[in-house]
Amino acid sequence: MKKIPLFFLIFSLFFNESLQNCAWDSCHEPDPDPNVITAHLIPHTHDDLGWIKTVDQYYWGAKPELVPVGVQYIYNTVIDELLKNPERRFSFAETGFLWRWYSSNGDSERHQLQRLVKTGQIEIIGGGWVQNDEATSHYIDIIDQMTLGLQKLSQIFGECGKAVTGWQIDPFGHSREMANIYAQMGYKSLYFARIHYLEKELRLKNKTLEFNWSTSDDLETKLFTGAFFNDNYGPPEGFCWDTLCGDDPIMDNEYMEGFNVDEKVDAFVAHVKKQAAHQATNQVMLLMGSDFQYTNANTWYVNLDKLIKYVNADSSKKVKVIYSTPACYTKAVEKQKPTLSEKTDDFFPYASGNHSYWTGYFTSRPAFKGMIRRASSMLQLAKQLDVIADLGPEDDSDVEILRQASALVQHHDAVTGTAKENVTRDYEKQLARGMSEVEVVINDFMKKMNPGSLNSNLVLCPLLNETICTPVKDVDNFTVVIFNSNGRCFNGTIRIPYGNPYADVKGANNESLNYQIEETFQVNQLKNENRSKYEIHVYLRVPQLGYTTITVEKIDKPEESSKKNMDVGPFQIGNEFLTAGFDAQGYLSYVIDKTNNVKRSIRQEFFYYEGVDSKDDQPSGAYIFRPKAQQPIALSSQLTLEIKKGSVVNEVRQKVNQWVSQVIRLPKGKNYLEFDWIVGPIPKEARYPITKEIVTRYTTDVHSKNQSFTDSNGRQAIERFYDGATSFEYSDTEPVAGNYYPITSFGYIKDGRDQFSIITDRSQGMAASNGVVEIMIHRRCFYDDHFGVEEALDEPGRDGTGLVAMGKHIALFTDLATSAKQLRPLVLETFHAPVLAFSANQNLDKFRFNRKPEYSGLKEELPPYLHLLTLEKWHKKLALIRFEHIYHDDGPQSDPYAKAEVFDEKEIFTNFDIDVSKLLLLGGDRDREPPKFRWYRIKNGRVTIQSLPFTIEPSEIRTYECELERK
Ligand SMILES: *[C@@H]1O[C@H](CO)[C@@H](O)[C@H](O)[C@H]1NC(C)=O
Ligand SMILES: *[C@@H]1O[C@H](CO)[C@@H](O)[C@H](O)[C@H]1NC(C)=O
Ligand SMILES: *[C@@H]1O[C@H](CO)[C@@H](O)[C@H](O)[C@H]1NC(C)=O
Ligand SMILES: *[C@@H]1O[C@H](CO)[C@@H](O)[C@H](O)[C@H]1NC(C)=O
């Protein structure tokens with residue numbers, strides 16, 4: 001890098017800064033008179049990245065017969081209207097659309113947009129690629145999608161692109177962790193519309209629609225948060241001037257018919273006063289816009305100009321109207337220094353009415369939710385490999401495809417399962433494409449890391465979950481490279497589809513591995529000719545942030561075969577740590593911890609609820625869960641069983657009925673139980689089909705009473721109460737649905753001694769009562785629930801008979817003292833599940849040719865408390881690295897782990913050192929620490945702060961922009 005004198009650097013920074021006058025620096029002034037209410041008009045549009053139409057159809061305005069809107073026109077016409085009058089303001093969210101517009105337009109249009117942002121007529125709000133969901137999005141995905149959006153915004157707009165307003169106006173409930181993420185990214189405020197109707201009533205009464213949200217016990221972060229006065233994010237009644245609306249314009253020519261200025265002014269002033277009566281200050285925010293509005297911005301602005309003119313003309317009304325933006329409104333409120341109440345819990349579940357609990361979407365479209373999680377973990381791997389091997393621009397673009405696809409599906413109508421079927425297919429297509437690019441990245445990585453080796457031609461098998469890997473289906477001998485994106489090494493079992501009953505499996509150093517070959521679990525649900533007949537369960541170690549290689553070779557001589565027995569009567573399976581006991585019907589009934597001989601009772605069963613249909617005005621549907629009865633219906637007590645015992649696998653295979661089956665497994669070397677559930681196709685009656693919502697229920701002897709915990713986007717644990725709410729008086733109108741909470745990664749119950757936790761591989765809904773954890777795993781709803789998608793959640797699946805979904809629960813009992821220590825690392829290990837890449841090359845020696853069979857990107861495992869959350873390429877040849885402290889202050893049991901740690905390893909990576917680095921806020925677009933001179937050193941013309949060693953607080957995430965020195 002060229003040396004740039006320091007004074008020039010500072011000078012140019014200063015100079016650039018002074019050219020810009022971002023929205024928050026150029027606000028229209030509120031009325032100084034305390035007796036005058038200032039009405040902030042916030043022109044805005046809410047543009048879903050897919051819902052009724054696909055994201056690109058929405059962008060272009062294609063398929064007008066579905067919805068006659070196109071986002072490209074919104075940008076075009078808003079820009080035109082803003083240029084006409086510098087007083088006008090607009091706020092844009094959803095960077096994914098902004099980027100589409102920006103990359104589809106020429107320089108002159110781009111400059112117009114840039115200028116409007118840099119002169120403050122446009123405020124960029126939200127900042128993320130999408131307005132992500134808050135119940136079902138994983139925190140890593142939220143951070144990634146926010147980072148992607150903010151990065152593009154910085155690139156296009158510089159300082160004024162660094163959003164300060166959190167904008168979650170549509171998501172169906174709000175998580176504490178989302179607010180915490182915004183706070184850590186340096187946001188000043190957060191706004192949204194949807195909160196539980198009972199909490200809303202209370203906040204209106206208390207004048208606490210605006211409050212300080214305490215977003216983390218550990219970090220003590222706080223965020224100014226405002227819930228809207230209206231139950232939506234639209235304008236007051238009678239003031240909707242979009243072409244999609246039906247309200248009268250302001251007609252201000254007395255000599256023409258329809259003159260309505262006085263009427264409009266009075267109605268407007270009345271609304272403002274009504275709203276002001278529920279607000280803590282005399283500032284009132286009015287949302288002038290809604291879904292896909294401003295396709296013709298002229299209709300809006302002509303009328304808003306007039307509204308401002310006529311209301312302000314009559315000072316006796318004591319209302320001043322100004323064009324504003326969310327940041328300007330926040331500034332005006334802050335200036336009044338209102339006393340704000342504090343909130344510590346979250347906004348789940350969300351209910352828009354006493355029978356409308358939005359708890360179905362926690363589980364809707366389980367297969368899609370599973371795919372999203374898998375894609376997310378593969379994205380982390382691809383980003384890491386790209387940095388470690390310093391791959392070229394083509395690989396960077398491959399990674400970018402998955403990055404954008406993964407960001408896209410975090411949208412609050414995507415991962416939620418609330419988009420139309422065809423739109424969901426489009427999401428899946430984009431994700432699948434992104435995931436297939438990882439294959440290219442993996443091969444380029446292998447090539448670069450192993451110069452001189454032959455092409456590896458590794459392939460990924462997207463249907464490995466169904467024991468399908470066509471490239472090696474009829475191959476006797478092949479190689480598998482197993483990647484681990486976790487900063488800790490993986491010790492566990494992987495499963496490989498195989499065509500023969502006998503094989504020899506060897507590790508990276510040609511050593512024999514511990515493995516077991518079993519027939520694949522044959523269920524009608526997964527009939528597919530490509531399913532392998534056998535599966536090799538291999539117990540192995542994969543180094544941290546690295547890979548290992550194994551080879552599979554066919555042999556003739558039978559290995560000692562595992563016992564296959566159809567026990568009658570009660571029976572047990574066991575591994576090194578646990579014994580699991582089953583009753584005579586084959587239901588799990590207890591677990592014994594071999595280390596201390598403690599026996600805990602546990603029963604697992606499947607049930608289903610029948611959903612309310614369209615005879616009632618609130619059916620159960622994609623968003624809403626509304627069962628007909630409070631007690632679910634048990635599925636068959638006649639289990640068909642297969643038991644497999646061996647050195648690696650000990651499992652019980654249960655067929656519950658034609659469409660539900662499960663494997664309960666005690667994996668080698670683990671002190672937990674795995675439940676691999678397979679559900680579907682959920683039956684559909686020919687006439688008057690009945691909605692069915694399938695749950696798995698774990699009944700334990702933990703005396704948890706009415707208390708339970710669910711994770712917030714996979715990070716903090718939030719306390720829940722059965723039949724109870726923390727911010728308002730609970731009402732029992734929906735006894736089942738009202739007790740459902742989202743889990744992204746885990747949930748648990750505990751008493752004074754024990755904890756029972758469930759870890760999931762995708763987002764789901766969970767309800768817990770005394771000793772019982774119930775999780776909804778699949779649903780098929782035959783009626784629309786009237787929240788706009790206008791389609792039943794009737795997933796046809798691959799063959800049209802209904803979707804089959806499979807997934808995994810990990811269940812573990814821990815004594816309270818070790819709960820945090822066991823749970824947290826396991827949650828991460830589940831996220832970073834190994835990625836298997838296959839080489840069908842029969843000649844194993846040839847594959848080994850010049851290739852490192854094993855590699856680790858980290859010299860040593862990271863300490864247990866530390867998670868390498870991000871390792872990705874960053875602009876200007878830099879890297880972005882995030883370290884996360886995985887322990888949270890979750891109560892006394894986590895005390896020994898939730899403490900500040902000093903990390904002082906200087907050289908942790910194998911292929912590079914972190915040369916110089918700068919500590920950033922979580923979003924990566926702004927500095928975290930104000931420059932402190934003595935910490936500075938200048939290297940290569942860059943002003944930097946050294947990163948290592950550092951102290952990291954419980955639950956803290958440290959984000960570094962790093963320059964790497966390659967070895
Ligand atoms: C509303 O006010 C009551 C009485 O002061 C208070 O107990 C309650 O916590 C407040 N709730 C909210 C949500 O503001
Ligand atoms: C979904 O897309 C397919 C193929 O484009 C089309 O034939 C079908 O009518 C669409 N279905 C719905 C419900 O829009
Ligand atoms: C697979 O490996 C076995 C054992 O090394 C060998 O006998 C066999 O010929 C190999 N098969 C092929 C198709 O290369
Ligand atoms: C297996 O994984 C693929 C890719 O994520 C997914 O599309 C499919 O639905 C999964 N199969 C089942 C039965 O869940």
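1. Helices (H or I, at least four residues) and strands (E, at least two) are DSSP runs, numbered from the N terminus. Counted this way, the chain of this predicted model holds 16 helices and 48 strands.

2. Overall dimensions. The radius of gyration is 29 Å, which agrees with the value near 30 Å that a compact globule of 967 residues would have. Along the principal axes, the C-alpha atoms occupy a box of roughly 100 × 70 × 55 Å.

3. Burial and surface. Of the 967 residues in the chain, 62% are buried. The accessible surface amounts to about 35900 Å², and carbon and sulfur atoms account for 50% of that area.

4. Contact range. Taking contacts between residues at least 6 apart in sequence, 75% of them link residues that are at least 24 apart.

5. A parallel sheet. Strands E8, E1 and E9 make an open sheet in the order E8-E1-E9, with parallel pairing. Its edges are E8 (283-288) and E9 (319-323), each of which pairs on one side only. On average, neighbouring strands in this sheet are turned by 25 degrees against each other, direction ignored.

6. Six bridges hold E1 (residues 37-43) and E8 in a parallel pair. Within that pairing, histidine 40 is placed opposite methionine 285 of E8.

7. Helices on this sheet. H10 (residues 297-313) lies across E1, E8 and E9 and runs at about 150 degrees to E9. H11 (residues 326-335) lies across E1 and E8, at about 170 degrees to E8.

8. E23 (residues 588-593) and E24 (residues 598-610) pair antiparallel over four bridges, with aspartate 593 opposite valine 598 of E24. Four residues separate the two strands of this hairpin, and asparagine 597 in the turn has a positive phi of about 60 degrees.

9. Other partners of E24. Which strand pairs with E24 over nine bridges? It is E30 (residues 692-700), and the sense is antiparallel; phenylalanine 606 faces threonine 696 of E30 across this pairing. E24 is also joined by two bridges to E25 (residues 633-634), again running antiparallel, and here tyrosine 608 stands opposite isoleucine 633 of E25.

10. A point on side chains. In a regular strand, side chains alternate between the two faces of the sheet.

Key: Residues numbered from 1 in each chain as written. Chains lettered and ligands numbered in written order. Predicted model: local features only at pLDDT ≥ 70, side-chain atom pairs only at ≥ 80, totals over all residues. Heavy atoms only, no water. Pairing = 2+ DSSP bridges. Axes fitted to C-alpha atoms, helices over the stretch in contact; angles between N-to-C directions. Contact = heavy atoms within 4.5 Å. Rg over C-alpha atoms; globule rule 2.2 N^0.38 Å. Buried < 20%, exposed > 50% of the residue type's maximum accessible area, 1.4 Å probe, protein only. Areas by Shrake-Rupley, 256 points an atom, 1.4 Å probe, with all protein chains shown as cover.
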